[in-house]
Amino acid sequence: MPMKTLGWLVVAVGLLTAAGCAGNKAASTAPAGTPQATTGADIHEPTGEEHVQAFDLHRSGKPDVWVYSVSTQDATGRPVERRVRKEADLNGDGKVDIVYYFDAEGQVTKETLDLDYDGKIDDTIYFEKGKKVRSEKDLDGDGRVDTWSYFDGNEKLIRKERDVKGTGKVDYWEYWENGVIDRIGEDLDGDGQVDRWTKGGEAASAGK
């Protein structure tokens with residue numbers, strides 16, 4: 001990922017956190033007719049039950065963060081607004097580059113990112129109980145997932161799978177232990193089974 005893009009992403013995370021904590025004082029309800037941003041190839045608009053709050057965190061004169069909520073009740077029956085989604089336009093092009101989805105407890109369940117601002121989702125991250133468990137990436141930009149990463153309870157990478165040949169099937173596996181590759185499996189004949197195993201150390205040496 002280019003350093004410029006990475007820098008934007010770091011700044012954006014901080015801005016999104018600020019938007020999530022700002023409350024009603026910093027937010028304003030988007031007026032009727034406000035254009036809705038797009039995330040990759042998807043267009044996100046509030047449903048009949050959703051309310052949207054717009055933020056101008058870059059102070060550019062136009063919204064760059066949208067927080068969607070629904071009216072519901074807490075355990076005591078008191079009316080509350082529950083956040084369901086948050087979107088952000090990082091580079092000011094009018095399209096959403098990051099979307100967070102939230103469950104009933106307010107924890108993130110999914111995050112989608114357009115890291116290179118080409119209008120396509122590059123990475124989708126899934127969470128369980130607030131922790132990252134899986135990510136799905138489209139590395140070649142063809143609109144199809146070609147890399148899957150899996151994480152343990154401490155959000156450490158334990159396995160990575162790839163569709164190297166572009167056939168729509170996994171043909172390459174990496175198994176990780178303690179932050180390094182332990183072994184690599186490859187499917188050479190396309191039958192979905194590992195035909196060759198390589199120890200992580202051997203693979204690293206071969207790549208030098």
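This note reviews the salt bridges of a predicted model.

1. Overall count. Across the whole structure, a search identifies 10 salt bridges. Side chains of opposite charge can pair when their charged atoms come close.

2. Asp74 and Arg78. A salt bridge joins the side chains of Asp74 and Arg78, with an N to O distance of 3.1 Å. Asp74 has a relative accessibility of 25% and therefore counts as partly exposed, given that the buried class ends under 20%.

3. Asp142 and Arg144. In this salt bridge, the closest N and O atoms of Arg144 and Asp142 lie 3.6 Å apart. With a relative accessible area of 43%, Arg144 is partly exposed. Asp142 is also partly exposed, at 41%.

4. Asp182 and Lys199. Here the closest N and O atoms of the salt bridge between Asp182 and Lys199 are 3.7 Å apart. The pair connects distant parts of the chain, the two residues being 17 residues apart. Asp182 belongs to strand S15 (residues 180–186), and Lys199 to strand S16 (residues 196–199). Lys199 is partly exposed, at 46% relative accessibility.

Note on methods. Residues are numbered from 1 along each chain as its sequence is written. This is a predicted model: local features need pLDDT of at least 70, side-chain atom pairs count only at pLDDT 80 or more; totals for chains, interfaces and linings use all residues. Side-chain values use heavy atoms; hydrogens and water are left out. A salt bridge is a side-chain nitrogen of Lys or Arg within 4 Å of a carboxyl oxygen of Asp or Glu. Buried means under 20% relative accessible area, exposed over 50%, partly exposed in between (1.4 Å probe, protein chains only). Helices (H or I, at least four residues) and strands (E, at least two) are DSSP runs, numbered from the N terminus.
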